[in-house]
Amino acid sequence: MTRNIADIRRDYEGGRLEESMVPAEPMVLFDEWLTLALDSEGEDGNVMTLATVDSQGLPHARIVLLKGSDERGLVFYTNYHSHKGSELANVPHAALVFWWPSLGRQIRVEGRVELVAEDESDAYFNSRPRASQLGAWVATQSVVIPDRHWIEERQHRFEQAYEGQDIPRPVHWGGYRVVPDMIEFWQGQPSRLHDRIRYEYRDESWRSFRLAP
């Protein structure tokens, strides 16, 4: 590498995030920010980092896509037998991070994780393109495979097996919902004096407060 990454800097110029501006419920503000992010970031607006821990307490993180959000929580879909699925089976808690560089905004979410209802997973699976539906059967996610040819052969077999048929949702594939107990909103500001408003769910209600940059 010829470039010194220590010299890379960005001064943020976001609008202020004041206590008087934030609603009582964090998902109201989350929806506002997500709507703006989908406009400014396009198809990357629903990208998020999912962090889990394994049975030894070791952390693991990867990028997944947000596929639903409401007052119940934030939903993503995956293979239940994947590494993240196994980790969530052992420790049903996770952290999410959204980063929207065009807005200079970040949202952090922490909370317990639950499976979404089967009919909800079915509805989402049925809305996917056929190639993505097949992919849920083809991809034995996180399993070691010999080479790319192995997965291409497996894809061909499933294409033949379901030719001319509707593709059912695999029992090992479906949705997870992160039920937040903490949501933090970060708005970049000049001179690294960023705005941070955190919500925490305590005693069956949300409370918000400002954190130092």
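1. Let's start in helix H5 (residues 148–161), where Glu152 and Arg148 sit about one helical turn from each other because they are four residues apart. Helices here are DSSP runs of H or I with at least four residues, strands are runs of E with at least two, and both are numbered from the N terminus. Glu152 and Arg148 form a salt bridge, with 3.6 Å between the closest N and O atoms. For a salt bridge, a side-chain nitrogen of Lys or Arg has to be within 4 Å of a carboxyl oxygen of Asp or Glu. Arg148 is exposed at 61% relative accessibility, while Glu152, at 41%, is partly exposed. (Buried is under 20% relative accessible area, exposed over 50%, partly exposed in between, with a 1.4 Å probe and protein chains only.)

2. Before going on, note that this is a predicted model, in which local features need pLDDT of at least 70 and side-chain atom pairs pLDDT 80 or more, while totals for chains, interfaces and linings use all residues. Residues are numbered from 1 along each chain as its sequence is written, and side-chain values use heavy atoms, leaving out hydrogens and water.

3. Now the overall picture. The protein chain has five helices and nine strands, and its order along the sequence reads α-β-β-β-β-α-β-β-α-α-α-β-β-β. Of its 213 residues, 39% count as buried. The C-alpha trace spans about 60 × 55 × 40 Å along its principal axes.

4. Back to salt bridges: the structure holds 19 of them. One joins Arg177 to Glu120, with the closest N and O atoms 3.1 Å apart. This pair links distant parts of the chain, since Arg177 is in strand E7 and Glu120 in helix H3 (residues 118–127), 57 residues apart. Arg177 counts as buried at 3% relative accessibility, whereas Glu120 is partly exposed at 23%.

5. Another one to look at is Arg202 with Glu200, whose closest N and O atoms are 2.3 Å apart. Glu200 is buried at 16% relative accessibility; Arg202 is partly exposed at 40%. Both belong to a network of salt bridges that also includes Arg108, Glu110, Glu184, Arg196 and Arg198.

6. What about the inside? In soluble globular proteins, nonpolar side chains tend to be buried together. The largest nonpolar core here has 29 residues, and Phe30, Phe98, Ile107 and Phe185 have the most contacts inside it. (A nonpolar core is a set of buried Ala, Val, Leu, Ile, Met, Phe, Trp, Tyr and Cys residues joined through side-chain atoms within 4.5 Å.) Helix H1 (26–41) is among the elements that supply at least two residues each, as are strands E5 (93–100) and E7 (173–187). H1 gives the most, with six residues.

7. Contact means heavy atoms within 4.5 Å. Apart from this core lies another, of 14 residues, including Trp137, Phe158, Ile167 and Trp173.

8. Last, Gln133, which lies in helix H4 (residues 130–138). Is Gln133 buried or exposed? At 8% relative accessibility, Gln133 counts as buried. Its contacts, aside from neighbours within four places in sequence, are Phe125, Asn126, Arg128 and Ile167.
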